[in-house]
Amino acid sequence: MRMLLGAASTPARALQGLTVLALTLLLAGPASATSFVLGDQNATAVVNTEESDPDGSGMLSWQVDGTEQLFEQWFYLQAGDGDYQRIDTYGLVGEQGSDTNAFVDDRLDTVAVRYGGSDLTIDLTLTLRGAAPGSGAADVAETVVITNTAQEAISISLVQYVDLDLGFDSLADVVELVDGHTVRQVDTAGTSIFEEVVTPGADVIQLALFPDVADLLDAGLGLEDARDPAGPDDVAFGLQWDVLLDPGKSFVLSKDKRLEGVSSVPVPAPAVMPLLLAAGAFALRRQR
Ligand SMILES: [Ca+2]
Ligand SMILES: [Ca+2]
Ligand SMILES: [Ca+2]
């Protein structure tokens, strides 16, 4: 599924995609209980809440008007002296998909999931909002609440990792910092503009070429501050919040991801759009 939805810019990435595709074909059937497919107007998203899913954990797709915009995004947490780990490794407590706007679109649009153990709970809520067909616009709102349920203070570092491949093409993207609260990524091929606003502002911000940020996190390490623009290329970024949590206290993070279509890009009539998108996707893949 990841190969179908995401863009492969390196042989390793292509191999990963092929492996996932093979697994998906082998396991074709109902989606696992921990894979949520969200839909709202012109947008869809896939969120896997557990690493045991064949595609792994994380938000692994964000399509707007049929065009994939995301390779993956997810959260990592370091607590006390431990390594940075994907939040799903802290243990799934409960999860639910829901429809919060049936009067607009009766598909699931929200995932709420809780991870945690005896010392911490991590509550993630993610809501997808689409817009008019052909507009190229969509939004994902995320809230993370981390609560210290232990008897002593705990130092935590929360990281969000975001690897967008705007326009179903990992190349030609530029990522830059607008201010301490806002990251902007633009596809220089002219298909879309992305902005993410976070509150509170991040303590560490790393804008980089893929796979620099992913390599740090996969090694159990935190981010390195790097705020200069990166690209045009296959770019990714990470945001990190460092907090000392007293017993019984919570850290609340509010985030919003917004995609906007570039108005100068002509929008085909809806009837021919799927065919054109499929042809475009095929052409892109053949170039790699
Ligand atoms: Ca809905
Ligand atoms: Ca990217
Ligand atoms: Ca691109």
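Here are some friendly notes on the predicted model shown above.

1. Confidence comes first, since this is a predicted model. The average pLDDT over the chain is 86, and 80% of the residues score at least 70. Two stretches need care. Residues 1–9 have a pLDDT below 50, although this stretch makes 33 contacts in the model beyond near neighbours in sequence. Residues 19–32 also stay under 50, and there the model has 13 contacts beyond four places in sequence. Where pLDDT is low, the predicted coordinates should not be read in detail.

2. Now for the overall make-up. The chain contains 4 helices and 18 strands. It has 288 residues, of which 40% count as buried. Taking contacts between residues at least 6 apart in sequence, 61% of them join residues at least 24 apart.

3. Strand 8 (residues 110–116) and strand 9 run antiparallel and are joined by 7 bridges, with Val111 partnered by Leu126 of strand 9. Strand 9 (residues 120–129) is in turn joined to strand 10 by 10 bridges, again antiparallel. Across that pairing, Thr127 stands opposite Ala141 of strand 10. Strand 10 also pairs with strand 18 (residues 250–261) over 10 bridges in the antiparallel sense, and there Thr143 has Ser254 as its bridge partner.

4. Which residues of strand 10 make up its covered face, and which its uncovered one? In strand 10 (residues 138–148), the covered face consists of Ala138, Val140, Glu142, Val144, Ile146 and Asn148. The uncovered face has Asp139, Ala141, Thr143, Val145 and Thr147. In a regular strand the side chains alternate between the two faces of the sheet.

5. In soluble globular proteins, nonpolar side chains tend to be buried together. Leaving aside residues up to four places away in sequence, Phe237 touches Val162, Val175, Val183, Gln206, Leu207, Ala208 and Val213.

6. Is Glu196 buried or exposed? This residue, part of strand 14 (residues 192–199), is buried, because 24 other C-beta atoms lie within 10 Å and the cut-off for buried is 20 or more. Beyond residues up to four places away in sequence, Glu196 touches Thr182, Val183, Lys255, Asp256 and Lys257.

7. Ser155, in strand 11 (residues 154–164), counts as exposed because it has 12 C-beta neighbours inside 10 Å. Apart from residues up to four places away in sequence, Ser155 touches Gly80 and Leu244. Ser155 and Leu244 are 89 residues apart in sequence, yet 4.3 Å apart in space, C-alpha to C-alpha.

8. Two prolines deserve a look at the backbone. The peptide bond from Thr199 to Pro200 is cis, with omega near 0 degrees, and Pro200 sits in the loop between strand 14 and strand 15 (204–209). The bond joining Phe210 and Pro211 is also cis, with omega about 10 degrees. Pro211 belongs to the loop between strand 15 and helix 3 (212–218).

9. Finally, two residues other than glycine have positive phi values. For Asp65, phi is near 50 degrees; this residue is in the loop between strand 3 (58–64) and strand 4 (67–68). Asp65 counts as buried, with 26 C-beta neighbours inside 10 Å. For Phe168, phi is near 55 degrees, and its place is the loop between strand 11 and strand 12 (173–179). Phe168 is buried as well, with 21 other C-beta atoms within 10 Å.

Notes
Residues are numbered from 1 along each chain as its sequence is written. Chains are lettered from A and ligands numbered from 1 in the order in which they are written. Two residues are in contact if their C-beta atoms, placed from the backbone, lie within 7 Å. Two strands pair if DSSP finds at least two bridges between them. pLDDT is the predictor's confidence in each residue, from 0 to 100.
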